[in-house]
Amino acid sequence: MRLRSGSLIAIVITLVFIISGSSCRKQARLLTTGGVLTFSDDTLKFDTVFTAAGSFTTGLLIYNTQNEPINISSVRLKNGNNSYFHINVDGFVGNAVTNIRIAAHDSVYVFATVKIDPNDTLTPFIVSDELISTLNGKDFIVPFTAYGQNAHYIVSDSLSGTTPINWLTDKPYVVEHSCVVGPGATLNIPANCRVYMHQDARFFVFGTLNVNLTGTDSVVFQGDRLDRSYFGRRGYPGEWGGFYFVGGSTGSFNKAVIKNCGGGSFYRNFYAQPAAMQVDSGAHVTINNTIIKNSIGYGILNWQGNVTATNCFIGTTGAEALVALQGGFDSMTNCTFANYGDASVSLEHRTNHTVVLLNYFQVSNTLTYYGSLDAVLRNCIVYGSLDSEIICDRVSTYPASVRLDHSLLKIGSNIDASFIHLNACILNQDPLFKKIDENDFHLKASSPAIGAGVNISSVDRDLEGNLRSGINDIGCYKYTP
């Protein structure tokens with residue numbers, strides 16, 4: 001078959017373009033500076049909750065969006081061979097894969113596997129790691145998370161509805177993000193329930209939260225990091241958030257332990273201050289036989305709310321153990337507020353007193369808010385390492401009343417008798433706690449708080465359930481030889 005001259009010319013031109021294009025591709029230069037990696041997921045989450053030993057595999061894509069090919073010098077897991085995860089990058093197996101080449105506008109697949117024994121009590125509740133991909137000296141990170149031990153995982157934000165929700169005691173509860181008790185909802189957490197909170201976790205209460213109800217065993221709220229070596233083998237403040245009672249909500253605590261908390265957090269447009277417990281205007285919270293300790297911020301922050309506490313220990317906090325801002329109602333009976341600081345919160349305590357009661361909140365030099373303050377401390381200890389540990393102040397144009405009855409207080413000499421009413425109090429005498437350096441705030445035999453309180457029929461036992469016989473001792477602990 002003969003080819004016409006025009007057809008021959010067309011073929012030659014086409015071949016030239018093919019050869020030229022092939023030559024260009026061969027000569028495409030590798031991107032050696034800068035560049036960006038993108039991923040199909042910003043977090044790789046293994047949603048399976050394991051009930052038996054096993055593994056689960058998922059994956060993600062690494063994209064090269066540049067016009068040049070790239071060489072990823074390393075794709076690795078931060079924890080290396082100690083990770084619970086294992087990766088396969090473009091067919092290469094290992095927790096540190098090197099020199100992965102990706103053509104322009106192409107991608108590679110990363111398969112990730114996690115192997116879990118949910119009954120291994122040494123496994124953290126939430127297992128985490130990071131995938132680190134390095135391009136031209138810059139690291140790009142994707143977090144990995146999976147569930148470890150067998151537990152009830154609260155992973156959705158909201159608990160709502162009109163039927164009360166009753167948690168169980170068969171397995172621990174792990175709150176991964178904010179646990180929101182919605183308006184009209186009731187959450188009951190029974191005695192002997194164990195609640196572990198992830199780093200950004202907090203209870204936001206718009207409805208009703210009841211802790212312990214009528215049980216005798218305690219309910220413990222703490223961070224979910226079980227590998228204490230990460231924290232120097234001790235509880236560390238700020239491991240999780242705390243409780244935020246929004247206006248109109250109610251809370252009831254009995255025999256609770258709330259520790260290692262105080263981190264600030266958000267839920268929608270609600271910002272919780274760094275506090276173990278925040279109570280806003282219109283909220284009512286009752287706290288009995290409860291320990292609140294090792295908060296990186298406040299112990300109880302009452303912002304015009306209503307707080308009643310009996311037989312409670314609140315101490316070792318970065319900010320105040322109890323603070324009332326812009327007024328509110330506080331009724332404290334046989335409570336111990338102690339702040340001596342430790343390695344984690346000592347710097348904060350140098351400028352924050354243990355108890356502060358104010359009928360105002362000063363935002364700036366030109367803006368202050370005011371409210372009505374009504375505070376009663378009866379049979380309470382307020383003590384610590386500062387010269388004065390209780391501050392009561394007011395703006396005289398707004399109502400304020402502070403009644404300090406049969407309490408042992410470390411207080412300055414400037415006491416405004418027009419609104420601070422003292423009755424049979426012991427001032428500036430060391431309560432003689434047993435072992436402050438070991439956070440043992442029981443009373444020594446020579447403590448001036450012994451037998452110095454007033455008997456209250458409804459408070460016939462102390463924080464540990466010991467019978468308060470004879471004349472009442474001041475503080476949350478009855479003296480026991």
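Guide: First, a term: buried is under 20% relative accessible area, exposed is over 50%, and partly exposed is in between (1.4 Å probe, protein chains only). This is a predicted model, with local features needing pLDDT of at least 70, side-chain atom pairs 80 or more, and totals for chains, interfaces and linings using all residues. Residues are numbered from 1 along each chain, and side-chain values use heavy atoms, without hydrogens or water.

Now the charged pairs. The model holds 4 salt bridges (a side-chain nitrogen of Lys or Arg within 4 Å of a carboxyl oxygen of Asp or Glu). Let us visit some of them.

Start with Glu 176 and Lys 45. Their side chains meet in a salt bridge, N to O at 3.5 Å. Lys 45 sits in strand β2 (residues 44–46), while Glu 176 sits in the loop between β14 (173–175) and β15 (179–181), so the bridge ties together parts that lie 131 residues apart in sequence. (Strands are DSSP runs of E, at least two residues; helices are runs of H or I, at least four; numbering starts at the N terminus.) The two ends sit in unlike surroundings. Glu 176 is buried, at a relative accessible area of 6%. Lys 45 is partly exposed, at 32%.

Move on to Asp 139 and Arg 76. Here the closest N and O atoms of the salt bridge are 3.7 Å apart. Asp 139 belongs to strand β10 (residues 138–147) and Arg 76 to strand β4 (residues 70–77), so this pair joins parts 63 residues apart in sequence. Asp 139 has 40% relative accessibility and counts as partly exposed. Arg 76 also counts as partly exposed, at 24%.

Next come Asp 405 and Arg 378. Their side chains form a salt bridge at 2.8 Å, N to O. Strand β41 (residues 400–405) carries Asp 405, and strand β38 (residues 373–378) carries Arg 378; the pair links distant parts of the chain, 27 residues apart. Asp 405 is buried, with 11% relative accessibility. Arg 378 is partly exposed, at 28%.

Now for a charge without such a partner. Arg 468 lies in the segment after β46 (440–443). Arg 468 is buried, yet has no salt bridge. The nearest side chain of opposite charge is Asp 462, 5.4 Å away (Lys and Arg count as positive, Asp and Glu as negative; His and chain ends are not counted). Leaving out residues up to four places away in sequence, Arg 468 touches several others, including Asn 311, Asn 334, Val 459, Asp 460, Tyr 477 and Lys 478 (contact: heavy atoms within 4.5 Å).

Step back to the strands. An open sheet is formed by 11 strands with parallel pairing, in the order β11-β14-β17-β20-β23-β28-β31-β34-β39-β42-β44 (pairing needs at least two DSSP bridges).

Elsewhere, strand β5 (residues 85–89) has two faces. Phe 85, Ile 87 and Val 89 make up the covered face; His 86 and Asn 88 make up the uncovered one. β5 pairs antiparallel with β8 (residues 106–116) over 5 bridges, and Asn 88 has Phe 111 as its bridge partner. β5 also pairs antiparallel with β6 (residues 92–93), over 2 bridges. Val 89 stands opposite Phe 92. This hairpin has 2 residues between its strands, and Asp 90 takes a positive phi near 55°.
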